[in-house]
Amino acid sequence: MNWNGVRVLVTGADGFMGSHLTEKLVSVGADVSVYVRGNSQTGTVQYKLKNIGHIKDKLKAIITGNISNPDSIKLIEKNNPQIIFHLAADAYVPNSFEHPLEVMETNLIGTLNVLHAVMRLHEMQQVVCTSSSEIYGTAQYVPIDEKHPLNPTSPYAASKAAADRYCFAYWNTYKLPIAIIRPFNTYGPRHTYDVIPKFIKLALQGKDLPIYGSGNQSRDFTYVDDMIKAFIIMGSEKKAIGEVVNFGTSKDVSINEVAKKIIDISGSKSKVVHQEERLAEVNKLCCDYTKAKKLFGWEPAIGIDEGLRRNITWDRDHINN
């Protein structure tokens, strides 16, 4: 697809994956607007760009607000994008233990607001709704394909499962051009709240790496560059419309292994310490990306060791930033 001049809106553009996606879309010539969390008081828009400030001057528009507020519908309608990548979410699982209502509002109501804006956009070509592998819960079989039962174990996962199914329902009922992407655990530069970025930060400081429970719980970790390619595909391929597609590596790694790799690659003297098991823990996630490969020819290119090396190098270079 030729992205040159295509009007694109990225919600959650200042987050981890959103910022990488925004950079990519700008680099290929898209006319990119972003929706970032902020507020407006006395007519003055207040926001702070932490991840995309370096490309601020290349953006068509910066929309600020709370995605769960009904005003977001009019804000998106006024922007009039042709393609929307909806990544805005409260994605830190433990936060949902203490703030389940707020997480639901952001993840579900925010998604519904985007969908209702799409219903008003006459030039809308495609909207990519970001789901999560967390909606599957602990694997009943591996690798997990798109037909795996949805058994969300945390309030966060439940909010994403609900949003996922609403997106499907709105495609089915209203024929909106919706594509649903289900990324498995993604890591890379600028990520802050998941296990890999936490471990890397601690390892570079020589501090202990805390592991919840036994550490035998495993995840399918995908490097951000591979996942951004997946988002671009889901936003440009017409055969993605009406589809739910998993993206991951089909290789799960235990948290114990992740800790060891990070310590070894970084040359850290950190030690592993085990803590009480986390609430609503998912024991195993491993992606079956057969559908992604069959439909689009997508495959992950960066393995866990290379990805960790890149991530650690970036963090080391930006340790004081």
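Reader: Which side chains does Arg310 or Glu306 meet in a salt bridge?

Author: The side chains of Arg310 and Glu306 meet each other in a salt bridge, at 3.0 Å from N to O, where a salt bridge is a side-chain nitrogen of Lys or Arg within 4 Å of a carboxyl oxygen of Asp or Glu. This is a predicted model, in which local features need pLDDT of at least 70 and side-chain atom pairs count only at pLDDT 80 or more, while totals for chains, interfaces and linings use all residues. Residues are numbered from 1 along each chain as its sequence is written, and side-chain values use heavy atoms, with hydrogens and water left out.

Reader: Where do Arg310 and Glu306 lie?

Author: As a general idea, an α-helix has 3.6 residues a turn, so residues three or four places apart point the same way. Here Arg310 and Glu306 both belong to helix H10 (residues 304–317) and are 4 residues apart, about one turn of the helix; helices (H or I, at least four residues) and strands (E, at least two) are DSSP runs numbered from the N terminus. Together with Asp225 and Arg309, these two residues are linked in a network of salt bridges.

Reader: Which parts does the pair of Arg120 and Glu77 tie together?

Author: Side chains of opposite charge can pair when their charged atoms come close. The side chains of Arg120 and Glu77 meet in a salt bridge of 3.2 Å, N to O. Arg120 lies in the loop between helix H4 (100–118) and strand S7 (126–130), and Glu77 in helix H2 (residues 71–79), so the pair ties together parts that are 43 residues apart in sequence.

Reader: How many residues of H7 are buried?

Author: In H7, 10 of the 13 residues are buried, so this helix is largely enclosed by the rest of the structure; among them are Val224, Asp226 and Phe231.

Methods:
Buried means under 20% relative accessible area, exposed over 50%, partly exposed in between (1.4 Å probe, protein chains only).
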